[in-house]
Amino acid sequence: MNDRFLKDYSITPNPVFAQDLRNRLGILNENSPRVRALQLRPIALGAIALLLALTFTLAVSPAVRAQLQEWTGVIGGVLFTATGDYPGEDGPVSIIPSEEISLEEAQAVLPFTIDLPTWVPEGYLLEDKVSILRFEDGVERVFVHWSAFDKALLELEIENSTEPKWLVGPESIEELSVNGKPAALVPGGWNADTKQWDNLDTLTLYVPHKDQSYIFVVRENDISVDDLIQIAESLP
Amino acid sequence: MITQIERIKQFLGHEKAIHWDTVFATELPRVLNYFRFHGLDTPVAEDLTASTFEKAWRTRQSYQKEKAQVSTWLFTIAHHTMIDYFRSRRNELSLEAVEDWPDRLVGSSPEESAQLSDDKECLRKILWQLPERERELVALKYGAQMTNRAIAEQTGLTETNIGTILNRVVTILRKQMEDRK
């Protein structure tokens, strides 16, 4: 079928038109904070809840802690508690609103440096906004994201807690080395539907960096453990 | 109680997110040419392309990855934009002679037409006069550069049917082009 005359009819978009439309979509983006907030808020809520759950479990209720705790250890300066149950079910929850600002603005207001990996897998682009949580005890946490078409977000959480502690599933934690320093790899997380720790296809890598905890969260099918380590090792 | 869990579940939910830079770069030429292959001149095609992307942007939260690829979703919006465009001009169309439609309705001034090659302007007018279904298939095939399989998913027609129709339409188009020269 001779259809060359049809194929030749296609044109390349006028760069001025393309740029103008891109700008208009960018304006729409800036005018849609509600949508943006809905995307990021659950992450913030989860982070808050986790911290409260840890407080409840490890500090407020030592009896419960003793009963449920299966393993506690420190890896890379982070206190991990591996447990087969989730003890924070009845604990108190308060909601702290997250603050969404640009990376530059975050860097200006936070008392610690936000170091970003110099390498991420091909196709991932740094998102414009970061999300900040400020806790009453002075702990601050910033969430940075990279997005890629048809893939889950690559998330970096940076926490400035002097006593970082996390709850993980039983026998889920693996100690490994990032740039010669101990780090913790945790597959999966708590599944609210099944009420148990599941694989969930996620990988979380806890890496001490300078005086902060750097926590990378990725989907296992998108980013391998080797690439995850390479990302962490590219921190300046 | 919300736990780490919820954070992970919501994190997984982000896979539905569309990376707009990539979508914009890859789909903009396809959407623009989709409209041009409906016989519209470039300024009108640009307007409808912009409208399509703006609608997609505003409704991006409703996009469900598990139901359709982003390009399928985008071209569904483009198709509805096209329908709205033609519907809004239905009354105008009914008053005019067929041969006058393209120049009168798609905004081609004599100056604009003069800038186009004679062949391309001729092809645009022929495309404009195609029946709606045939024009849609040509636009999806050559404008959106879809495979017959993707067109089948988009239109509900069978691949065989699409191949047969396109083969016949291209033959007619080529003959009409030759006759008009």
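Visitor: Is K210(A) buried or exposed?

Guide: The model is a predicted one. K210(A) has 12 other C-beta atoms within 10 Å. A residue counts as exposed at 12 or fewer, so K210(A) is exposed.

Visitor: Where is K210(A) found, and what is its phi?

Guide: The residue is found in the loop between β11 (196-209) and β12 (212-219) of chain A. K210(A) is a residue other than glycine with a positive phi, and the value is near 55°.

Visitor: Is Q145(B) exposed or partly exposed?

Guide: Q145(B) has 14 C-beta neighbours inside 10 Å. Exposed residues have 12 or fewer and buried ones 20 or more, so Q145(B) counts as partly exposed.

Visitor: What covers the buried residues of α9(B)?

Guide: The buried residues of this helix are E136(B), L137(B), V138(B), A139(B), L140(B), K141(B), Y142(B) and G143(B). Their cover includes an element of chain A, α1 (4-7). From chain B, the cover includes α2, α8 (118-128), α10 and α11.

Visitor: How are α10(B) and α11(B) oriented to each other?

Guide: The axes of α10 (residues 148-155) and α11 (residues 159-180) of chain B come within 9 Å and cross at roughly 110°. The contact is made by N148(B), R149(B), I151(B) and A152(B) of α10(B) and by E159(B), I162(B) and G163(B) of α11(B). Angles of 65 to 115 degrees count as roughly perpendicular, and α10(B) and α11(B) are therefore roughly perpendicular.

Visitor: Where does the kink in α2(B) lie?

Guide: Helix α2 of chain B covers residues 20-36, and its 17 residues reach 23 Å from first C-alpha to last, close to the 24 Å expected. Among its buried residues are W20(B), L28(B) and R30(B). The kink, of about 45°, comes shortly before the proline P29(B), and its place is E27(B).

Visitor: How are α3(B) and α4(B) oriented to each other?

Guide: The axes of α3 (residues 42-58) and α4 of chain B come within 9 Å and cross at roughly 130°. The crossing is right-handed. Angles of 65 to 115 degrees count as roughly perpendicular and those over 145 as roughly antiparallel; α3(B) and α4(B) are therefore oblique.

Visitor: Which residues of α4(B) meet α3(B)?

Guide: On the α3(B) side, the residues are L48(B), S51(B), T52(B), K55(B) and A56(B). The residues of α4(B) are L74(B), I77(B), A78(B), T81(B), M82(B) and Y85(B).

Visitor: Is Y85(B) buried or partly exposed?

Guide: Y85(B) has 18 C-beta neighbours inside 10 Å. A buried residue needs 20 or more, so Y85(B) counts as partly exposed.

Visitor: Is W73(B) buried or exposed?

Guide: W73(B) is found in helix α4 of chain B. Its C-alpha is 8.4 Å from that of A56(B), 17 residues apart in sequence. With 20 C-beta neighbours inside 10 Å, W73(B) reaches the cut-off of 20 or more and so counts as buried.

How values were computed. Residues numbered from 1 in each chain as written. Chains lettered and ligands numbered in written order. Predicted model: local features only at pLDDT ≥ 70, side-chain atom pairs only at ≥ 80, totals over all residues. Helix = DSSP H or I, 4+ residues; strand = E, 2+ residues; numbered from the N terminus. Expected span 1.5 Å × (residues − 1). Bend = angle between axes of the 7 residues up to and from the residue. Axes fitted to C-alpha atoms, helices over the stretch in contact; angles between N-to-C directions. Parallel < 35°, antiparallel > 145°, perpendicular 65-115°, else oblique. Left-handed = near helix turned anticlockwise from the far one by under 90°. Contact = placed C-beta atoms within 7 Å.
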